[in-house]
There are 2 protein chains.
Amino acid sequence: MKNGASIRDMEKLHQPDGFAPLDREGLVDRVARLLSQAIVSGRLAPGERLSESVVAKQLGTSRAPVREAARLLESSGLITYTPNRGFFVRRHSATEIDNLYEFRITIEIAAVRRLMREGLGATAAALGAQIEELRRLAEPGHNMLTQVEADMQFHRLICQGSGNPRYLRSFERIAQETELTIMLIGRLYDDAHRLAETHVPILDALLSGSEDQAVDAMFYHLDVARTLVTEQFRKLEESTP
Amino acid sequence: MKNGASIRDMEKLHQPDGFAPLDREGLVDRVARLLSQAIVSGRLAPGERLSESVVAKQLGTSRAPVREAARLLESSGLITYTPNRGFFVRRHSATEIDNLYEFRITIEIAAVRRLMREGLGATAAALGAQIEELRRLAEPGHNMLTQVEADMQFHRLICQGSGNPRYLRSFERIAQETELTIMLIGRLYDDAHRLAETHVPILDALLSGSEDQAVDAMFYHLDVARTLVTEQFRKLEESTP
DNA sequence: GTCAAGCCAATTGTCGACAATCCTGCAATT
DNA sequence: AATTGCAGGATTGTCGACAATTGGCTTGAC
């Protein structure tokens, strides 16, 4: 099989009537998306080398777009880059995960504060709908990655609704990394129903109008996740040193 | 003059006895540094186009390193990138500046909290030395950019001492942007002596051992800066719409 | 005079090739 | 046996050229 321009052709099939502007994704973004999917889904293991030429050959492009995409993912924390050595799938320590969650708490608490001061607006309905989506995805027949992405989407909506784009931007920078750590563990809660319901108190607190209540609810939610993920990860670390 | 490898040669002269590992900067980083200097110092005006080929020719390199450097600066907020259009020096609105400072406050307050819990350690002495440096640079004969950089260095030390590298990383991402906004205004305080002394209460509060006092001092310091910069910028905006 | 369609110059997007650098393994030396 | 020095192979770093896209300009009709 000759695989030149395979990405282009392959994806054209998925948007038969797509407008041109939607096609304006750019090869770099496409490569970045495929790479991050491969990493988060676990097809590329932590520590693994990302040879530019190998990836380029597999995707049917040249090395230049791969290089740019890799640097993009580096700023997302998914891969590391060492000069003259190349790119590697990032390997996280338990401490780094803990720091990641601490940072995430800082950002999201600040976003909640701002959201409460600016007013919920359309965000309230969006959050309610997202909880419904989480419940729907908790039913059998949905894979874990989809559930985790829906989870993150709930939190993304809050950063988005805060009104300060910096919080959203900062959130996006750690979102994929967070998804990766959860996927590495293999599970967050015992079942996805539980995951969905843990978001209800947050929305309730937001609707209560009390900034303190909202902050407390968000902090509790994230602090539980932080403890769960970090502890699970520490166990994982001990079993495979 | 043939200007191939002109950067390489030019900068070799500045480190006559430097060890090889220090030379390990890479062409991309060098271009990024030169570009950011040009932007922050005002030699490249906001809104100005950054043609890849022009920059490449000026620096004596090819377009590839310029492209990578430009994307690096994009993630630092100094320039914007539009697909198929290219790179432009970023133009900030007063609202964006306000959001920038709000975000900065969030990060640095969190860093202060963590620093107080982990203990100051060697950071205390470093902060004291940095205040001395600020006083020294306040004497006549020093340009404003140097003073602003020293100011940022004080805050960088706090993020660094916090113990969570995420705060430092986040700080670095907005540091250059912050410097740019101050340089665009042309002044922060009436004189640099005043700038130096506003850092003393922060260090005092840190040394007091009280987390609340430390947070308050840092918040006051940054909130004053936020008001000053945003207001100045709004005036600037009105005079040149 | 206004507006639309289509060409044209300029810029970005991508590519393949060459140069520089790093890791590996072996061999020679201490 | 351990260490140092030195090829050999592989990978990244950089480059110049070509293809694709954009925005402006000209041309023409109304």
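**Spaces and contacts between two chains**

Modeller: Happy to. The lining of the second largest pocket is made up of 14 charged, 12 nonpolar and 2 polar residues. Please keep in mind that this is a predicted model.

Colleague: What makes a residue of that lining count as charged?

Modeller: Asp, Glu, Lys and Arg are counted as charged. A:Arg113 and B:Arg113 are among the lining residues closest to the centre of the second largest pocket, and since both are Arg, both go into the charged class. A:Ile109 and B:Ile109 are also in that closest group; Ile is on the nonpolar list, so these two are nonpolar.

Colleague: How much space is in the second largest pocket, and which elements line it?

Modeller: The space is about 1000 Å³. Helix 6 (94–118) and helix 12 (211–239) of chain A each give at least two residues to the lining, and so do helix 6 (94–118) and helix 12 (211–239) of chain B.

Colleague: Why is the other kind of space called a cavity and not a pocket?

Modeller: A 1.4 Å probe fits in a cavity but cannot get out, whereas a pocket is open. The structure has 6 cavities of 30 Å³ or more, and the largest cavity holds about 250 Å³. Among the 22 residues lining the largest cavity, those closest to its centre are A:Phe103, A:Ser170, A:Arg173, B:Ser170 and B:Arg173. Helix 9 (165–185) of chain A and helix 9 of chain B each supply at least two lining residues. By class, that lining has 10 charged, 8 polar and 4 nonpolar residues.

Colleague: How do you know that A:Arg166 and B:Glu177 form a salt bridge?

Modeller: The closest N and O atoms of A:Arg166 and B:Glu177 are 2.7 Å apart. The cut-off is 4 Å between a side-chain nitrogen of Lys or Arg and a carboxyl oxygen of Asp or Glu, so the pair qualifies.

Colleague: How many residues are in contact across the two chains, and how much area is buried?

Modeller: 29 residues of chain B are in contact with 29 residues of chain A. The two chains bury about 2300 Å² between them, with 39% of it on carbon and sulfur atoms. B:Glu68, B:Phe103 and B:Arg166 supply 27% of the area that chain B buries against chain A, more than any other three residues.

Conventions. Residues numbered from 1 in each chain as written. Chains lettered and ligands numbered in written order. Predicted model: local features only at pLDDT ≥ 70, side-chain atom pairs only at ≥ 80, totals over all residues. Heavy atoms only, no water. 1 Å grid on protein atoms, 1.4 Å probe; cavity = no way out; pocket = protein on both sides within 12 Å on 5 of 7 lines; lining within 4 Å. Points joined across faces, edges and corners; volume = space filled by probe spheres on them. Helix = DSSP H or I, 4+ residues; strand = E, 2+ residues; numbered from the N terminus. Contact = heavy atoms within 4.5 Å. Buried area = accessible area lost by both parts, 1.4 Å probe.
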